[in-house]
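Good morning, and thank you for joining this group meeting. Please look at the sequence and the structure as they come up, and I shall then take you through a few selected places.

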Amino acid sequence: MSRSRRQAAAWAAAYVLIIAAMPWIAAVDHDRRGREFLLEFSVALGFIGLAMMWLQFALTARFRWIAPGSGLDTLMQLHRQAGISAFALVVAHPVLAIAADDRFVDFLDPREGLARAGALWVAMLALAAILVTSLWRRALGIPYEWWRLAHAVLATVIVFIGLVHILRVGVYIDDWWKRALWTGLTAGAIGLLGYTRVVRPWRMGRRPWRVAEVRREPGSSWTVALEPAGHAGLRFEAGQFAWVTIGASPFSLEQHPFSFASSAERRDRVEFTIKELGDWTARIGQVRPGTRAYLDGPYGAFTLDPGAERGVFIAGGVGITPIMSILRTWRDRGDGRPMALLYAAGSLEGMVYREELERMAAERPLELMLLPREAPAGWTGQAGLPTAATVEQLVERFGTKGTQYLVCGPPPLMDLAERTLLARGVPAAQIRAERFDIA
């Protein structure tokens with residue numbers, strides 16, 4: 001197992017231990033005589049759900065040392081799935097408690113305590129609002145920036161009300177050290193939000209960038225080149241990404257994650273290729289050189305292992321971007337390892353970097369396979385994506401020993417490629433995958 005995989009496994013184990021410890025701590029010195037198992041179980045679920053809400057703040061705080069072996073896709077998927085699980089646990093808590101003893105319905109009855117019932121209903125509705133807007137934000141037409149703001153505010157409300165609730169009930173945390181622990185953890189979670197929204201933007205503001213060039217690319221895409229304004233630039237690994245703010249304050253909510261497209265050998269100029277996919281990206285071509293910009297990064301683990309004997313890349317659409325950074329870095333460093341690229345897109349004319357890739361393939365040990373929608377039958381399936389048979393042919397040709405497979409593109413491509421690679425015996429440790437449409 002690689003070092004990054006071991007780190008990811010260690011952080012996953014720490015995550016599980018933290019949430020499992022919460023009900024155990026609550027049970028210490030707690031007299032459970034005469035209390036039904038169902039009631040005790042409901043309380044345990046409530047403590048676990050609140051702990052998962054705390055950890056949601058940590059997952060989105062953008063600390064590079066949190067799960068360093070995981071990429072953007074992995075962390076965001078974990079954040080989403082943990083949010084769904086926390087919602088289910090928090091809802092199950094009152095349902096099971098009332099099933100064990102119907103007197104607990106008084107907690108939600110305004111006639112028995114307006115402030116208490118009102119706060120609990122606010123927390124439940126806030127949690128439901130987070131879930132609904134996260135799963136169906138685009139369908140509901142909610143702008144990404146406003147969703148981020150509402151997400152942060154609602155999450156803060158939930159954990160605060162959750163803390164007040166367990167302090168007021170007091171049955172399980174009547175000891176001073178338990179109260180101090182739960183209060184400290186809640187304050188720490190909310191403090192992480194303040195760090196992300198205040199301290200980190202302040203640091204970004206001290207290292208500004210300027211737009212050096214905006215050029216049109218095929219396939220409704222644009223490449224934006226940034227140069228450091230008064231500092232030495234940025235070190236990153238090829239395949240990583242950064243959160244980018246252009247033409248706004250570093251404290252702005254207008255931040256978007258984009259993969260580096262440029263070579264990691266250049267600190268003095270970084271490039272991002274951005275496809276017109278939403279309201280903000282549709283205006284990217286209107287940005288003018290000289291516009292101030294800010295970067296938060298680098299992040300991500302979508303990188304080629306130094307020990308890999310060869311790299312095989314599967315890209316779809318603008319998912320070619322981080323792979324292009326890897327290939328440009330490979331070229332600039334004079335790396336002699338053989339590489340192969342399967343690049344699927346709507347048409348040859350719409351393939352970003354096609355001409356540069358063709359030159360690279362003529363000069364370097366790069367086997368280039370361009371797969372437009374009109375490719376011969378059997379090579380492409382629905383929506384012009386590669387078929388499972390096509391991916392299987394890659395494995396048959398390049399094997400599994402010493403070969404690392406990196407996949408980036410739309411979800412259908414990602415799912416098909418990962419499923420096929422695993423089915424053909426490629427170890428999970430030799431597969432890196434990252435979607436480009438997280439935001």
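Let me begin with a single side chain: arginine 328 is buried, with a relative accessible area of 7%. Please keep in mind throughout that this is a predicted model.

What does arginine 328 pair with? One partner is glutamate 356, with which arginine 328 forms a salt bridge whose closest N and O atoms are 2.7 Å apart. Arginine 328 belongs to helix α8 and glutamate 356 to helix α9, so this pair ties together parts that lie 28 residues apart in sequence. Glutamate 356 is buried, as is arginine 328.

Glutamate 271 is another partner, and here the side chains meet in a salt bridge at 3.9 Å, N to O. Because arginine 328 sits in helix α8 and glutamate 271 in strand β5, this second pair ties together parts 57 residues apart in sequence. Is glutamate 271 buried or exposed? With a relative accessibility of 10%, glutamate 271 counts as buried, since the term buried applies under 20%.

These residues also belong to a wider arrangement. A network of salt bridges links Arg210, Glu213, Arg215, Glu217, Glu227, Arg269, Glu271, Arg328, Arg331, Asp332 and Glu356. The structure as a whole holds 21 salt bridges.

For a pair in another setting, consider glutamate 265 and arginine 333, which form a salt bridge with their closest N and O atoms 2.6 Å apart. Glutamate 265 is in the loop between β4 (256-259) and β5 (270-275), and arginine 333 is in the loop between α8 and β8, so the pair ties together parts 68 residues apart in sequence. Glutamate 265 is partly exposed, at a relative accessible area of 43%, while arginine 333 is exposed, at 53%.

I turn now to helix α9, where we have already met glutamate 356. Which residues of helix α9 are buried? In this helix, residues 354-363, they are Glu356, Leu357 and Met360. Viewed down the axis of α9, these buried residues fall within an arc of 100 degrees, so they line one face of the helix. Glu355 and Ala362, on the other side of α9, are exposed. The cover over the buried residues of α9 includes α8 (320-332), β8 (339-345) and β9 (366-372).

After α10 comes glycine 399, which has a positive phi, near 70 degrees.

Which members of the largest nonpolar core touch the most other members? Of its 47 residues, they are Phe272, Leu327 and Leu341. Helix α8 gives the most to this core, with 6 residues. Leucine 327 touches Phe313, Met339, Leu341, Leu357, Met360 and Leu366, leaving aside residues up to four places away in sequence. Another core lies apart from this one; it has 34 residues, including Ile25, Leu50, Trp54 and Ala189.

Isoleucine 25 brings me to isoleucine 173. These two are 148 residues apart in sequence and 8.8 Å apart in space, C-alpha to C-alpha. Where is isoleucine 173 found? It is located in the loop between α6 (144-169) and α7 (176-205). Isoleucine 173 has 0% relative accessibility and counts as buried. Not counting residues up to four places away in sequence, isoleucine 173 touches Phe47, Ile166, Leu167, Lys178, Arg179 and Trp182.

Val132, Leu135, Trp136 and Leu140 make a nonpolar surface patch of about 360 Å². Valine 132 lies in helix α4, residues 114-135, and is partly exposed, with a relative accessible area of 35%. Residues in such a patch need over 30% relative accessible area.

Thank you for your attention.

Notes: Residues numbered from 1 in each chain as written. Predicted model: local features only at pLDDT ≥ 70, side-chain atom pairs only at ≥ 80, totals over all residues. Heavy atoms only, no water. Patch = residues over 30% accessible without salt bridge, like charges linked within 9 Å, V, L, I, M, F, W, Y side chains within 5 Å. Areas by Shrake-Rupley, 256 points an atom, 1.4 Å probe, with all protein chains shown as cover. Salt bridge = Lys/Arg side-chain N within 4 Å of Asp/Glu carboxyl O. Helix = DSSP H or I, 4+ residues; strand = E, 2+ residues; numbered from the N terminus. Buried < 20%, exposed > 50% of the residue type's maximum accessible area, 1.4 Å probe, protein only. Arc of directions from axis to C-beta. Contact = heavy atoms within 4.5 Å. Core = buried A, V, L, I, M, F, W, Y, C linked by side-chain atoms within 4.5 Å.
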